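The stops below are given in the order to select them.

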Amino acid sequence: MNHESPVLALCSHLALLSLMAVGGGVIMVAPEVQHYVVNGRHWMLNEQFAAAYAIAQATPGPNLLFISLVGWLVAGWFGAVAATVSIILPSTLLTFALIKLRSRQAGNTIVKALQDAFAPISIGLLGATALIFSRASNVDWRADLLTLASALIVLKTRLNPVLLIAAGAIAAVVHLI
């Protein structure tokens with residue numbers, strides 16, 4: 001019988017994911033966190049995860065606040081603190097080490113190749129995050145269409161995204177979605 005602590009399991013997983021989030025990309029590991037706590041461990045429902053993410057994004061502060069809420073939903077206040085430390089500490093230490101290495105090896109081809117590799121990885125993880133959250137929150141094809149249209153508008157124009165959020169809210173209030 002396996003009696004592994006949920007806090008230990010969550011923190012170990014988050015510490016490993018943290019290493020993918022060097023330089024502030026914690027938000028990009030959201031799909032894997034969602035998969036782990038919702039699909040893998042069944043500690044929460046998809047809707048709870050999406051709500052924790054939305055609440056964290058609506059509050060002032062760093063994007064990684066959703067990790068604290070996930071920890072809290074899994075194991076209360078201790079889980080929140082442990083999860084937060086687990087996601088911050090490894091990536092912070094790795095970032096400091098890489099900054100030190102980069103300053104010493106600025107012209108090195110391996111360092112340059114690593115820098116170039118982070119862009120497509122980040123784009124892929126960001127796309128996965130968008131897909132996970134659109135699946136969790138979009139209720140039908142109209143919501144999918146609104147999500148796609150909003151993404152295209154953000155990418156192709158300089159329109160303030162807050163206006164698109166307001167348009168989405170209005171669409172929901174008048175029952176278009």
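**A helix pair, then a bent helix**

Start by selecting residues 6–18, helix H1, and residues 30–40, helix H2: their axes come within 11 Å and cross at roughly 160°. The model is a predicted one. An angle over 145 degrees counts as roughly antiparallel, and H1 and H2 are therefore roughly antiparallel to each other. The crossing of H1 past H2 is right-handed.

Next, show side chains where the two helices touch. Which residues of H1 meet H2? On the H1 side, select Ala-9, Leu-10, His-13, Leu-14 and Leu-17; their partners in H2 are Glu-32, Val-33, Tyr-36 and Val-37. Sorted by class, this contact has seven nonpolar residues, one polar and one charged. As background for reading the spacing along such a contact, an α-helix has 3.6 residues a turn, so residues three or four places apart point the same way.

Now move to residues 65–104, helix H4, which has 40 residues. How far apart are the end C-alpha atoms of H4? They are only 33 Å apart, whereas a straight helix would reach 58 Å at 1.5 Å a residue. To see a bend in H4, centre the view on Ala-75: a kink of about 145° is centred there.

Finally, clear the selection and zoom out to the whole protein. It has seven helices and zero strands, and from the N terminus on its elements run α-α-α-α-α-α-α. Taken along the principal axes, the box filled by the C-alpha atoms is roughly 55 × 50 × 30 Å.

Terms used:
Residues numbered from 1 in each chain as written. Predicted model: local features only at pLDDT ≥ 70, side-chain atom pairs only at ≥ 80, totals over all residues. Heavy atoms only, no water. Axes fitted to C-alpha atoms, helices over the stretch in contact; angles between N-to-C directions. Helix = DSSP H or I, 4+ residues; strand = E, 2+ residues; numbered from the N terminus. Parallel < 35°, antiparallel > 145°, perpendicular 65-115°, else oblique. Left-handed = near helix turned anticlockwise from the far one by under 90°. Contact = heavy atoms within 4.5 Å. Nonpolar A, V, L, I, M, F, W, Y, C, P; charged D, E, K, R; others polar. Expected span 1.5 Å × (residues − 1). Bend = angle between axes of the 7 residues up to and from the residue.
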